[in-house]
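Visitor: I would like to go through the fold of this model step by step. Please show it first.

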Amino acid sequence: MEIKITARSAEETEAFGRLLAQKLEEAGVTRAFIALLGEMGVGKTAFTRGFASHFGINNIKSPTYTVLNEHRGRVNIHHFDFYRITDGDDLYSIGYDDVIESEGYCIGEWSENILDFLPPEHITVRISRVGFGEADTERLIEADLSGIVEW
Ligand SMILES: Nc1ncnc2c1ncn2[C@@H]1O[C@H](COP(=O)(O)OP(=O)(O)O)[C@@H](O)[C@H]1O
Ligand SMILES: [Mg+2]
C-alpha cells in the first residue's frame with residue numbers, strides 16, 4: 001500500500017518516522033531495511049531522528065562522514081548515509097553485508113546510490129520538496145508499505 005502524507009515542518013517529518021517505527025513494532029516487524037530517497041536537506045535525518053526516538057534513541061546525527069552510525073538500545077538501529085558510496089567495494093569496506101543481516105532496523109539515507117545492493121525486501125520512503133523557495137518547509141512523504149504494516 002502506497003501512502004502519501006504531507007509534512008509541513010521538521011517536527012511533522014519526525015512524527016511520521018516515529019509513527020512508522022510504532023507501526024512496525026506493533027506488527028511484530030523487528031527487522032527491516034528502510035531505504036530513504038530524497039535530495040540534500042529534505043529531511044532524511046529528521047525522519048530517522050523520529051524513528052529512533054520511538055525506541056528511546058535520541059542521539060541521531062547525520063552519518064555523512066562516518067557512513068554508518070550504530071545505535072544500540074531496546075532495538076538496534078543501523079543508520080547509513082550512502083552519499084559518498086559509489087560502488088560495491090565501498091559497501092564492503094563498511095561491512096554492509098554483515099550489518100544488514102544483523103538484528104534490528106537499517107535506515108539508509110541516499111539509498112539512490114545503492115539501488116543494486118538493497119536487500120530484496122525493503123521499505124522505500126521518498127521525501128520531496130513541494131514548494132521551490134529555500135524557506136519552504138512543506139514536504140511530500142511517500143512510503144510503500146505493501147504487505148508490511150496496515151496504515
Ligand atoms: N517538513 C520538513 N521535514 C524535514 N525537515 C524540514 C522540514 N521543513 C524544514 N526542514 C529543515 O530541513 C532540514 C532537513 O535536514 P536533514 O534532516 O538533515 O535533511 P537530509 O538528511 O535529507 O539532508 C532541517 O534543517 C530541517 O529543520
Ligand atoms: Mg541526512
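Visitor: In what order do the elements of the protein chain run from the N terminus on?

Guide: The model is a predicted one. Its protein chain has four helices and seven strands. Read from the N terminus on, the elements run β-α-β-α-β-β-α-α-β-β-β.

Visitor: What is the radius of gyration of the protein chain, and what does the globule rule give for 151 residues?

Guide: The C-alpha trace spans about 40 × 35 × 30 Å along its principal axes. For 151 residues the globule rule gives 15 Å, and the value for the chain is close to that, so the chain is as compact as a globular protein of that length. The radius of gyration is 14 Å.

Visitor: What share of the contacts with a separation of 6 or more is between residues 24 or more positions apart?

Guide: A contact here requires C-beta atoms within 7 Å. Among the contacts with a separation of 6 or more, the share from residues 24 or more positions apart is 67%.

Visitor: Which strands stand at the edges of the sheet?

Guide: Seven strands form an open sheet with mixed pairing, in the order E1-E7-E6-E2-E5-E4-E3. The twist averages 15° from one strand to the next. An edge strand has a single partner, so one side of it is left without a neighbour in the sheet; this holds for strand E1 (2-7) and strand E3 (68-72).

Visitor: Which residue in E5 stands opposite Ile34?

Guide: Strands of a sheet pair through backbone hydrogen bonds, either parallel or antiparallel. Strand E2 (residues 32-37) and strand E5 (residues 105-109) pair in the parallel sense, over four bridges. Opposite Ile34 stands Ile107.

Visitor: What angle does the direction of helix H2 make with that of E5?

Guide: Helix H2 (residues 44-53) packs on the sheet and touches E2, E3, strand E4 (76-81), E5 and strand E6 (123-129). With the direction of E5, that of H2 makes about 165°.

Visitor: Which strands does helix H1 lie across?

Guide: Helix H1 covers residues 10-26 and runs at about 145° to E1.

Visitor: How do the residues of the shell around ligand 1 divide into nonpolar, polar and charged?

Guide: Ligand 1 is surrounded by 18 residues, of which the closest are Thr13, Gly43, Lys44, Thr45 and Thr137. H1 and H2 each supply at least two residues of this shell. The division is five nonpolar, eight polar and five charged.

Key. Residues numbered from 1 in each chain as written. Chains lettered and ligands numbered in written order. Predicted model: local features only at pLDDT ≥ 70, side-chain atom pairs only at ≥ 80, totals over all residues. Rg over C-alpha atoms; globule rule 2.2 N^0.38 Å. Contact = placed C-beta atoms within 7 Å. Pairing = 2+ DSSP bridges. Axes fitted to C-alpha atoms, helices over the stretch in contact; angles between N-to-C directions. Near = placed C-beta within 6 Å. Nonpolar A, V, L, I, M, F, W, Y, C, P; charged D, E, K, R; others polar.
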